[in-house]
Amino acid sequence: METLLAAFDLVFRWEIIAVIFGACVFGIFAGAMPGISATVAVALLVPITFFMEPVAALAAIATAVAMAIFAGDLPGALLRIPGMPASAAYAEEAHEMTLKGQGGTVLMVALLCSVLGGLVGTMALAFSAPLLAEFALEFQYYEYFWLACIGLSTAALVAAANPVKGVISLSIGLMLATVGLDLISGQPRFTFGTPALMEGIHFIPVMIGIFAVAEVLRALIHPPRADAGDARVQKIDFGETFRTIWRYRTNLARGSIFGTLIGALPGAGSDIAAWVSYGYARKRSKTPEKFGTGHPEGIVAASASNNAATSATWVPSLVFGIPGDSVTAIVIGVLFLKGLEPGPNVFIENAPLVYSIFVSFFIANVFLIPVGYIAIRAASQLLKVSNLILMPIILIFTVVGAYAINNSMMGVMVALGAGIASFLMQENDYPVAPLILGMVIGPLLEKNFMQAMIAQQGDLTAFFERPIAAFLGIVTILMWTAPVVAAIRRWQLRRRAPEGNEGQHA
């Protein structure tokens with residue numbers, strides 16, 4: 001209780017509340033811009049957090065993400081362009097309701113479900129993270145090694161639409177993570193005699209470039225197709241809003257639980273949570289034929305799910321130092337910049353700071369109701385902001401943020417190079433999230449593997465001697481072998497099919 005009161009003291013100061021309110025406005029604006037994801041919004045916030053104390057920086061990020069995830073529904077419903085990947089699951093459905101004259105109502109349904117889902121995810125974060133942190137104090141190199149493997153495997157094999165391309169993206173991230181001095185021996189690796197590379201490639205400029213610069217290039221080459229002038233905000237029927245949420249309360253509860261569980265998986269995130277919840281709602285619906293025609297059932301489940309996952313992704317990040325998604329990968333970078341190392345010890349050494357994150361999430365979700373309502377009413381004006389104004393601002397933030405990391409042009413060059421590489425990857429359907437997670441988790445993976453090998457004198461069986469390590473190791477191996485087994489089964493089925501056809505002809 002003392003820790004919680006200390007967290008309230010940290011957050012309920014006028015300067016922190018002002019930062020949260022500013023992050024609300026920024027998150028809503030960024031999320032409403034088609035293509036500017038929550039990750040881009042957070043990447044653009046990073047340069048500003050350099051001038052903030054840790055509580056303000058983390059509160060700003062938590063608030064901006066919660067706002068941006070909902071705001072992504074605005075262009076999805078009004079223009080059929082999802083503002084966020086997490087909104088893509090139900091953008092078509094929401095737009096169909098807009099065409100029926102129910103655009104304001106469906107956005108209000110999405111707003112209230114996002115708030116309720118976000119509160120469930122925040123409560124799960126607040127209750128589970130301290131308990132898991134206490135449990136994680138027993139972890140050694142072996143458990144952390146397998147957890148890092150699970151995070152990387154989830155990002156590359158489960159979250160990516162094409163696992164092969166996910167593995168390639170992940171490999172690039174792991175390769176970049178090896179640049180610089182060896183963690184154990186101190187020998188330079190892949191520095192090519194360049195002193196600036198001796199410290200390695202900082203992943204913050206890479207992340208800023210990957211998301212922000214790539215977005216600028218995409219806007220230049222592929223300008224938005226829809227005309228924002230088409231957006232018309234329609235009347236909100238509050239009675240129908242509350243009746244819809246009550247009618248589909250089971251989907252609301254199920255979506256919140258799915259979002260919390262999926263978000264807590266290392267390497268997953270709100271995008272997967274929204275798709276899984278929408279798909280499951282359709283599968284369990286009594287009227288599945290209405291899905292895709294402007295039916296709110298799936299929207300209730302998915303909008304609750306993606307905001308619940310937003311809070312839950314902080315669980316593995318804070319407890320184990322393993323990011324839940326690309327947003328929390330940036331959060332880990334900000335924590336390091338503030339001199340804080342995520343992991344179970346942060347709950348002991350900086351407990352009020354950790355609890356202040358929980359309080360910030362609660363405040364952000366409460367603020368989301370009035371700010372989101374205003375955003376719905378002003379959506380048609382928000383969507384009229386031209387890319388000719390927006391993209392130069394993003395580019396300026398990118399250059400300033402990349403330079404400010406080390407006050408060096410090296411950061412700017414890394415950000416620009418990463419942005420071009422990211423644009424080319426996305427143009428060829430290569431996911432970039434595994435690359436980021438590879439850069440963040442790679443050093444953790446290498447450090448724990450090398451320390452375990454030194455402690456056990458090269459005995460690999462040590463990774464299966466402790467019960468939890470053995471369990472995590474088996475889960476990891478199952479994740480690696482499952483795609484291979486599935487591919488073999490598909491090949492066998494294809495091979496048997498012609499034989500069956502020949503038998504029928506005979």
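**Entry 1: E446 and R189**

I looked up E446 and found that it forms a salt bridge with R189, with the closest N and O atoms 2.7 Å apart. E446 lies in helix 22 and R189 in strand 2 (residues 188-189), so the pair ties together parts that are 257 residues apart in sequence. I note here that the model is predicted.

**Entry 2: Other salt bridges**

How many salt bridges does a search of the whole structure find? I recorded seven salt bridges. In one of them, the side chains of E53 and R13 meet at 3.1 Å, N to O. This pair links distant parts of the chain, 40 residues apart. E53 sits in the loop between helix 3 (38-49) and helix 4 (54-71), whereas R13 sits in the loop between helix 1 (2-11) and helix 2 (14-32). I list E53 as partly exposed, at 33% relative accessibility. R13 is also partly exposed, at 24%.

I next looked up E240 and R247, whose side chains meet in a salt bridge of 3.7 Å, N to O. E240 is partly exposed, with a relative accessible area of 26%, and R247 counts as partly exposed at 44%. I also found that salt bridges with shared partners join R13, E15 and E53 into one network.

**Entry 3: Helix 10 against helix 22**

I returned to helix 22 (residues 433-455) and looked at how it packs with helix 10 (residues 203-221). The angle is about 175°, and the axes are 11 Å apart. Helix 10 is therefore roughly antiparallel to helix 22, because angles over 145 degrees count as such. From helix 10, I noted F203, V206, M207, I210 and F211. These meet L435, I436, M439 and V440 in helix 22.

Is S360 buried or exposed? S360 is buried, with a relative accessible area of 2%, and it lies in helix 18 (residues 351-377). Leaving aside residues up to four places away in sequence, I found that S360 touches V11, A59 and T63. I also looked up its separation from A56: S360 and A56 are 304 residues apart in sequence, while their C-alpha atoms are 9.4 Å apart in space.

For S311, I found a place in helix 14 (residues 297-312). S311 counts as buried at 1% relative accessibility. With residues up to four places away in sequence again left out, S311 touches G118, G121, T122, L125 and F361.

**Entry 4: A nonpolar surface patch**

Which residues make the nonpolar surface patch of about 480 Å²? I listed I48, L388, I389, I393 and F397. Helix 20 (residues 387-404) contributes the largest share of this patch, four residues. I checked L388, which lies in helix 20. L388 is exposed, because its relative accessible area of 74% is over the 50% cut-off.

**Entry 5: The chain as a whole**

I recorded 23 helices and two strands. Of the 506 residues, 53% are buried. Among contacts between residues at least 6 apart in sequence, 79% join residues at least 24 apart. The chain exposes about 22,300 Å², and carbon and sulfur atoms supply 66% of that area.

Methods. Residues are numbered from 1 along each chain as its sequence is written. This is a predicted model: local features need pLDDT of at least 70, side-chain atom pairs count only at pLDDT 80 or more; totals for chains, interfaces and linings use all residues. Side-chain values use heavy atoms; hydrogens and water are left out. Patches are made of residues with over 30% relative accessible area and no salt bridge: like charges are joined within 9 Å, nonpolar side chains (Val, Leu, Ile, Met, Phe, Trp, Tyr) within 5 Å. Accessible areas come from the Shrake-Rupley method with a 1.4 Å probe; for residues, only the protein chains shown count as cover. A salt bridge is a side-chain nitrogen of Lys or Arg within 4 Å of a carboxyl oxygen of Asp or Glu. Buried means under 20% relative accessible area, exposed over 50%, partly exposed in between (1.4 Å probe, protein chains only). Axes are lines fitted to C-alpha atoms, for helices over the stretch in contact, and angles run from 0 to 180 degrees between N-to-C directions. Angles under 35 degrees count as roughly parallel, over 145 as roughly antiparallel, 65 to 115 as roughly perpendicular and the rest as oblique. Contact means heavy atoms within 4.5 Å.
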